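We will go stop by stop.

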Amino acid sequence: MNVSRRDFVKCAGVAAGAATAFPTIIPASVLGQNAPSKVLTVACVGVGGMGLSHIRQLVNRTTARIVAVADVDAFHQKRAAQIINKKYGNNDCRTTGDFREVTRAKDVDLITVATPDHWHAIPAIDAIRNGKDVFVEKPLTLTVREGQVLVEELRKHKRVGQTGTMQRSFEGFHRAAELIRNGRLGTIKHIDVLIPANNRYVGATWKPEPVPAGLDYDFWLGPAPYAPYTSQRTHYQFRFNLDYAGGQTTNWGAHYLDIAQWALGMDESGPIEVDGHGVYPSSGLFTSPTRVDVRYTYANGVTMRMRTRTDGISDGNIIFFGDKGSLDVSRSKLKSNPEAILNEKIGDDEIRLYKSRDHFGNWIECVKTRERPVSDLAIGHKTNNLCNIGNIVMQLQRKLKWAPVKERFDGDDMANRLLTRAMRGPWSLA
Amino acid sequence: MSKKTIVSDGKRAASDPLAGQTADARYKSFNMTVDPWSVIGTLDYGDDRTMVSTIERMILDADPSQHPGFEEKLLKCAADESCTEAGYGFICRLLALIASPKSVADLKKNLTSDNENIAFLTRMAIEQVPGEETTAALRTAAGALKGREAEGCAGAVAARTRAQ
């Protein structure tokens, strides 16, 4: 159906009337993703540190426009809206403390989620069920079960979902994965992954503190068990408490294990055995391991070891060892041994991996084409499984057999119970 | 040369409460370490978790044949009327790993506690116990509860059904 500019504006008026005043930008959902304006409306859920990064990635684009932000911290809401309004030269950005006001808003096409990890799945699923396409930060979900439900809902509602594992859109990682997939290192034998150590520490005890004005702390806790407020619990530090995240195993593992999965061609599968040991704080507020050491074994015999690095570098890196050479890649380097491997050309008849050089741009493009993005949620979920089973094996300190397609451990009831968690009401995966 | 073990006591910092004490006194202090099972029920938010983390490690390392014994001990701690909320939470986290239908039978009355935190922690302890008894207990509680835990409990029943 061809839609004239006049009809488009008329339809838009109906939509705008149903939603909060929003006179100029029309959600693509009104007329489909091929609407004349092709400007997709976005709401950002969680606008603290990573959420601001999302805003900076989106606010300069002509293909999308941020119309609302949601955050349980009023300070975050205000700060984000100021940045957005300043850029657009107006005061139109809506703010709310309840994500449901944007995931269910009729004038929103896209939702980005950059909340703490225990709050990834619920708003993303709610958005998908309400017809939105989603960009969900890594690590994709807190548990394996959350990831399963998220992917099921994505497919059921035919939505486009990108995981925030943006290294797939970096040239160096793409080049490394493509060289490996085309056998330039020969047969891969082993992979070493180094991730940074925890960068925040607290003592053996902590004291409850008054909740700061503007923070809806109960909403911040959400599905997690009740615990009194203390400043070290929230915002950046949530990463080191297993009630809300998985420590550096998931924070950095989500990036580098993702590259291993890609290079091995394991996006729909994973390892079959996992073993490991973590050093856990026996007291204090933080509960994630301060040192991690996890070993994965794939069905084809490839082994992979992920460890905490001790050189103080705040980046990970991954080294692939094959029978014809090795390749070391991080955000700042791409090295091979022998060096000539990096000069190899990939022929037209060889395996070419999905090419993206702009992670948000790839997502928005896929929203329009309805293709799967480079880090489709199903891929992010499989990678996230490696992170989560790594945490489980370190906690249990015994070798576990993993069924990567069925996503269950073989013969260990306790390990399988750790694949999911109870959610504090009213929240659930139902 | 004496065959007795020599324990040097001349190198301790002045601030060390054991500085200057005889070896016997110091050995006695080792025996004063509290029983970690008696600490669980006194745990408060923010307290040192060192002693209770010992129990956590014992349970994580245990052979499945030992789980019923640990479950019994945890349920006994949970039933103590003086047990703190934080202590009850710690117990429920551990029960979530090993709980059997016995935990469901013992704890289901707490699913409808007036204290929403206790109600949720109880659900956390038993939600993953397979079987109809658990589903029935959760369904009954969802019908009796009001407020956020009513929705949480109903959602848990739906999530169990979906997972199956």
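Which side chains along strand β10 (residues 303–308) of chain A point to one face and are buried, and which point to the other? Select the strand and look. A:M304, A:M306 and A:T308 share one face and are buried. Strands are DSSP runs of E with at least two residues, helices are runs of H or I with at least four, and both are numbered from the N terminus.

This is a predicted model: local features need pLDDT of at least 70, side-chain atom pairs count only at pLDDT 80 or more, and totals for chains, interfaces and linings use all residues. Residues are numbered from 1 along each chain as its sequence is written, while chains are lettered from A and ligands numbered from 1 in the order in which they are written.

**Neighbours of β10**

Strands pair if DSSP finds at least two bridges between them. Here A:I191 has A:M304 as its bridge partner.

A:D293 stands opposite A:R307. β9(A) and β10(A) form a hairpin with 5 residues between them. Click A:G301 in the turn: its phi is positive, about 95 degrees.

**The core**

Select A:A260. Beyond its neighbours within four places in sequence, A:A260 is in contact (C-beta atoms, placed from the backbone, within 7 Å) with A:I191, A:V193, A:M304 and A:I318.

Next, show A:A43, A:V193, A:A260 and B:I91. These have the most contacts inside the largest nonpolar core, which has 139 residues. Such a core is a set of buried Ala, Val, Leu, Ile, Met, Phe, Trp, Tyr and Cys residues joined through C-beta atoms within 7 Å. Helix α5 (residues 85–98) of chain B gives the largest share, 10 residues.

**The open sheet**

Move to the sheet β3-β2-β1-β4-β5-β6 of chain A. Its 6 strands form an open sheet with parallel pairing. β3 (94–96) and β6 (161–163) stand at the edges, each with a single partner strand, so one side of each has no neighbour in the sheet.

Finish at strand β5 (residues 133–136) of chain A. 3 bridges join it to β6(A). There, A:F135 has A:Q162 as its bridge partner.

Methods:
A residue is buried if 20 or more other C-beta atoms lie within 10 Å of its own, exposed if 12 or fewer, and partly exposed in between; C-beta atoms are placed from the backbone. Two residues are in contact if their C-beta atoms, placed from the backbone, lie within 7 Å.
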